[in-house]
Amino acid sequence: MGYGHRPDSLHRLQRLVVACQAENNIPIVGREQVIIGREMHWLRIDRYYRGGIEAPDTCFQPMMCVHCENAPCELVCPVAATVHSHEGLNQMVYNRCVGTRYCSNNCPYKVRRFNFLNYDALFNYEGDNAASLKLLRNPDVTVRSRGVMEKCTYCIQRITAARIDAQKEDRPIRDGEVKTACQQACPVQAIVFGNLRDRHDASVLGSSSKRFALHSGCPSSIRMTTRASAWSAAAMRARPAANSR
Ligand code: SF4
């Protein structure tokens with residue numbers, strides 16, 4: 001599986017974060033937890049600046065688990081709670097996780113999130129809307145409990161649903177059949193996802209000369225070592241000539 005995006009085309013990026021949060025039962029941990037470094041969202045939007053302080057140029061980089069082919073997080077888990085699937089996904093086995101957090105320390109992209117508290121139990125289900133609030137969880141996704149590590153799964157529940165449909169019809173999963181929640185929420189289709197062996201945008205992006213993988217310019221060649229499955233396309237921007245004022 002492969003994932004690609006064009007950061008220059010991604011509009012209203014926070015809607016991607018919210019789509020991921022709603023799809024994957026990611027708890028809202030609250031301001032106090034975030035201030036002490038316990039953010040939970042699986043997809044974060046990094047912001048970079050370039051140029052002078054008067055007129056800085058801003059770029060955004062969506063950041064989630066890149067499902068390394070050679071994942072450093074898998075090597076350090078003493079109970080094999082994070083493992084590699086035959087489709088190239090880096091998976092979490094929640095009920096095997098004992099919460100050492102070694103995987104988070106070893107992830108060079110810093111995308112793993114730890115359940116410091118039992119956030120679901122702390123959620124206030126009281127009041128007029130209590131009955132409907134209990135239905136807000138996605139029934140296809142496990143609600144994680146305290147002491148468990150989690151991170152982006154590339155919406156594995158959607159991949160599994162597509163696989164079951166394909167098996168029933170005795171065919172392979174179609175090119176572009178699986179859409180991740182963030183991909184679906186992006187109004188300008190800047191995100192592509194699919195089998196890198198299909199003739200899909202994901203493979204086109206994966207072989208484009210404008211693509212880059214995070215850390216690819218890093219002197220220690222982390223990208224070369226981890227072999228990320230997610231790619232970004234370089235932004236193309238028209239700039240006014242220096243003397244055109
Ligand atoms: S990005 Fe981090 S969490 Fe995801 S597979 Fe690579 S090392 Fe593991």
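1. By residue class, the shell around the ligand is made up of 10 nonpolar, 2 polar and 2 charged residues, where nonpolar covers Ala, Val, Leu, Ile, Met, Phe, Trp, Tyr, Cys and Pro, charged covers Asp, Glu, Lys and Arg, and polar covers the others, Gly among them. The ligand is surrounded by 14 residues, of which the closest are Cys65, Cys68, Cys73, Cys107 and Arg112; a residue is near a molecule if one of its heavy atoms lies within 4 Å of it.

2. On the basis of the work: this is a predicted model, in which local features need pLDDT of at least 70 and side-chain atom pairs count only at pLDDT 80 or more, while totals for chains, interfaces and linings use all residues. Residues are numbered from 1 along each chain as its sequence is written, and side-chain values use heavy atoms, with hydrogens and water left out.

3. The structure holds 0 disulfides, a disulfide being a pair of cysteine sulfur atoms within 2.5 Å.

4. Helix α1 spans residues 14–23, and its buried residues are Leu16, Val17, Ala19, Cys20, Gln21 and Glu23; helices are DSSP runs of H or I with at least four residues, strands are runs of E with at least two, and both are numbered from the N terminus. Among the elements that cover these buried residues are β2 (44–50), α7 (156–168), α8 (181–185) and β8 (191–194). Asn25, which follows α1, has a positive phi, near 55 degrees.

5. The largest nonpolar core has 47 residues, and those with the most contacts inside it are Tyr3, Leu16, Leu43, Val66, Tyr109 and Tyr154. Two or more residues are given to this core by each of α1, α7, α8 and β8, and α1 supplies the largest share, 4 residues. Such a core is a set of buried Ala, Val, Leu, Ile, Met, Phe, Trp, Tyr and Cys residues joined through side-chain atoms within 4.5 Å. Leaving out residues up to four places away in sequence, Leu43 touches Leu16, Val17, Cys20, Pro62, Met63, Met64 and Cys182, contact meaning heavy atoms within 4.5 Å.

6. Gln33 lies in helix α2 (residues 31–35) and counts as buried because its relative accessibility is 12%. Beyond its neighbours within four places in sequence, Gln33 is in contact with Arg38, Glu39, Leu117 and Tyr119.

Key
Buried means under 20% relative accessible area, exposed over 50%, partly exposed in between (1.4 Å probe, protein chains only).
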